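This briefing goes through one model, topic by topic. Please keep the sequence and the 3D view open while reading.

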2 protein chains.
Amino acid sequence: MAGQHFLFVPGPSNVPTRVLRAMAVPMEDHRSPTFPKLTLEVLNGLKKVFKTEKAYPILFPSSGTGCWEAALSNTLNPGDKVLVSRFGQFSHLWADMCVRLGFDTDIIEVEWGVGAPVEEYRHRLSQDKNHLIKAVLVCHNETATGVVSNIKAIRQVMDDLKHPALLMVDAVSSLGSIDFQMDAWGVDVCVSGSQKGLMLPAGMGVTCVSEKAIEASKHSRYPRCYFDYQDMLNNNAKGYFPYTPSIPMLYGLRESLRMIEEEGLDNILSRHERLAKGVRAAVTEGWKLSLCAAEAKWYSNSVSAIRVPEGVDAVKVIARAYQKYQLSLGAGLARLSGKVFRIGHLGDLNELMLMGAIAGAEMAMIDEGVKVERGSGVAAAMKVWQS
Amino acid sequence: MAGQHFLFVPGPSNVPTRVLRAMAVPMEDHRSPTFPKLTLEVLNGLKKVFKTEKAYPILFPSSGTGCWEAALSNTLNPGDKVLVSRFGQFSHLWADMCVRLGFDTDIIEVEWGVGAPVEEYRHRLSQDKNHLIKAVLVCHNETATGVVSNIKAIRQVMDDLKHPALLMVDAVSSLGSIDFQMDAWGVDVCVSGSQKGLMLPAGMGVTCVSEKAIEASKHSRYPRCYFDYQDMLNNNAKGYFPYTPSIPMLYGLRESLRMIEEEGLDNILSRHERLAKGVRAAVTEGWKLSLCAAEAKWYSNSVSAIRVPEGVDAVKVIARAYQKYQLSLGAGLARLSGKVFRIGHLGDLNELMLMGAIAGAEMAMIDEGVKVERGSGVAAAMKVWQS
């Protein structure tokens, strides 16, 4: 088919040509005397993206899922208690991993469409007089529902209660797209990946660990080897890795960090907010449909999950968009299958790219019998972006 | 510096331009209806490289180290006994991982420079009347010493004794370069990586598991999640992955498998043998130096570790080659540091590329005071390659 495919899943996001080109490098000796320059440049550059001066970025050849496992296996002891809330497929998968890895997992069940329940965290942590809870897990941006949570408020709860647990945050689909502040929010482990706001291909886990998390790792007896923080930090200090790193990804990351520096991280976050507002206007004002996110305070600036009307199968809308209009939309996951489709609006993106996606989703919906007015989504987004 | 860098570490190996180009793809939805075609093509293609019809290739976003961990954590129970031999830095690291992951690790210590001691495996397995040993680990090609081991003979020992342990083989630096036969040798888990004989960049773990290993994984209570075989196989069966795969690597692998198909795997193995013979002639007949590999039966066709004369520091030879001649040689690792340098001769390689490397190593040695005759290495290799 002619023309470009419109990729609007909430990750992998579109990789800029500059990054693709930067990754087309010959292989080299990752133990050479010049290699540390690359390693140290990307690790230092990442600190700005995490908004940290004190914590340590770590890169694993893995997906973000690997960084979830690293967070747990490095800092906890077998059977330790963790507190986590579940309000979408990705917060579910992290909670499920806690169970599978044998941790005593206290799961706060929350309606899908809202975010981390701050008062329920307060309640359960306040009951934990003996500090059996060793880690508090929160999904910053639930990719399945398009819901962002208030990490700062969770930190405040922990501070209010003087609870010593580690605060671990999944920022896979927020880092570089939605404001995230490692130091200011007192996050101990932030888990992310290459294929979202960092504008790289899938294939590298990107995480960041606080001094407190590193200290905990020294007392952890949980079995681990591949994902060991200490091996990584010991080698990283000299600019090397404990095993062969994903060399093209390091070059890609160097380039994407330069792009982030050029545009300015806060400008990028503002751009994501502006683009997201246009998409939400298309959904609610143009199409008169509902977002999965139940209230404005939960609206995610990197992904919107859109509920299709009763009687319409979102799976068919997505299939139509893919086959007829070369548009990849995100599917509804698990209990949302058939009920929602998702538009990812993160990474290397602008208004006109999104205009194509909004128009494509609109046509696919009309083809599948959804009653939306032609051009209404695009018009509503225009109104936001022109103001 | 002008001209191309000569990369002769034993991996990462040189990536063909065709593969680099194939990897420069826009991102896409890894859950799209067309994605399984790619997944299934590469998984099926890999079967030929492993020489298997029955076993299951698995791709992890990881390094080969991750596949080591997957082999152990999927098939064994906590504290299970494993038998492994150690004769170089990589067989050491795998044995060390067994210890770190809490397995009862019976290590056969062997002189560095020889390979897996078949009779000692026989001895220890024959003493294991109650079959407490659940896995037998062997490093097929010890990258640190340039030594290849006889996997078929280890299998024969296990069959002779009717020992039911799983046979796990590290073929990181042999797969696609030195003959490896998953089915014929009854290997249960083969561990490899992208950046050696498969001619891809570093960043993907490539492994292959037998039905017997999969069956063992069903009874394993070892905690795991990221590296779980069953999650992977369940998703792979439909052409998908349990989490975001490294998409560019899959396209690169598709291209490298096509190249392997075009040249023919057995022709590639013969090419590696011919090239390796030339390198060994340069070392022993030209330079009058010794290989780390103690006898001809241990000679590796993918890497040669070369002992420098007493009084010479191999670290300086390697630094000189890198800085003055744009040649990356492999360093001596651990106890071999300063005593050897290594020439990797694997992957996308031919005679004239190796001529450059041999000449470069020769000049660097002469610069550092090694008494070798100018042109002697190249001349000895010529004699082999012209015959």
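In chain B, strand β5 (residues 133–139) and strand β8 (residues 166–170) run parallel and are joined by five bridges. Helices (H or I, at least four residues) and strands (E, at least two) are DSSP runs, numbered from the N terminus, and two strands pair if DSSP finds at least two bridges between them. This is a predicted model, in which local features need pLDDT of at least 70 and side-chain atom pairs count only at pLDDT 80 or more, while totals for chains, interfaces and linings use all residues. Residues are numbered from 1 along each chain as its sequence is written, and chains are lettered from A and ligands numbered from 1 in the order in which they are written.

**Seven-stranded sheet of chain B**

- B:Ala135 has B:Leu166 as its bridge partner in β8(B).
- Seven strands of chain B form an open sheet with mixed pairing, in the order β2-β10-β9-β8-β5-β3-β4.
- At the edges are β2 (56–60) and β4 (104–109) of chain B, each of which pairs on one side only.
- On average, neighbouring strands of this sheet are turned by 20 degrees against each other, direction ignored.
- Helix α4(B) lies across β3 (81–86), β4, β5 and β8 of chain B and runs at about 160 degrees to β3(B).
- For such angles, axes are lines fitted to C-alpha atoms, for helices over the stretch in contact, and angles run from 0 to 180 degrees between N-to-C directions.

**Five-stranded sheet**

- Strands of a sheet pair through backbone hydrogen bonds, either parallel or antiparallel.
- Another open sheet of chain B has five strands in the order β1-β13-β14-β12-β11, again with mixed pairing.
- β1 (6–8) and β11 (290–291) of chain B stand at its edges with a single partner strand each, so one side of each has no neighbour in the sheet.
- β11(B) runs antiparallel to strand β12 (residues 303–307) of chain B, and two bridges join them; B:Ser290 has B:Arg307 as its bridge partner in β12(B).
- Helix α11 (residues 314–325) of chain B packs on the sheet, where it touches β13 and β14 (340–344) of chain B, and its direction makes about 160 degrees with that of β13(B).
- In chain A, strand β1 (residues 6–8) pairs with β13(A) in the parallel sense over three bridges, and A:Phe6 has A:Leu327 as its bridge partner.
- β13(A) is joined to strand β14 (residues 340–344) of chain A by two bridges, and these strands run antiparallel; A:Ala331 stands opposite A:Phe341 in β14(A).
- Five of the five residues of strand β13 (residues 327–331) of chain A are buried, so this strand is largely enclosed by the rest of the structure.

**Burial and core**

- A residue is buried if 20 or more other C-beta atoms lie within 10 Å of its own, exposed if 12 or fewer, and partly exposed in between, with C-beta atoms placed from the backbone.
- A:Ser85 is in strand β3 (residues 81–86) of chain A and is buried, with 27 other C-beta atoms within 10 Å.
- The C-alpha atoms of A:Ser85 and A:Val110 are separated by 6.9 Å, although these residues are 25 residues apart along the chain.
- The largest nonpolar core has 264 residues, and those with the most contacts inside it include A:Trp94 and B:Trp94.
- Such a core is a set of buried Ala, Val, Leu, Ile, Met, Phe, Trp, Tyr and Cys residues joined through C-beta atoms within 7 Å.

**The two chains**

- Chain B can be laid on chain A with an RMSD of 0.0 Å by a turn of 180 degrees and a shift of 0.0 Å along the axis, which is the relation of a two-fold axis.
- The superposition is by least squares on the C-alpha atoms of residues with pLDDT of at least 70 in both copies.
- 43 residues of chain B are in contact with 43 residues of chain A, a contact being two C-beta atoms, placed from the backbone, within 7 Å.

**Backbone details**

- The peptide bond from A:Gly11 to A:Pro12 is cis, with omega near 0 degrees, and A:Pro12 is in the loop between β1 and α1 (17–23) of chain A.
- B:Ala334 is not a glycine, yet its phi is positive, near 55 degrees; this residue lies in the loop between β13 and β14 of chain B and is exposed, with 11 other C-beta atoms within 10 Å.
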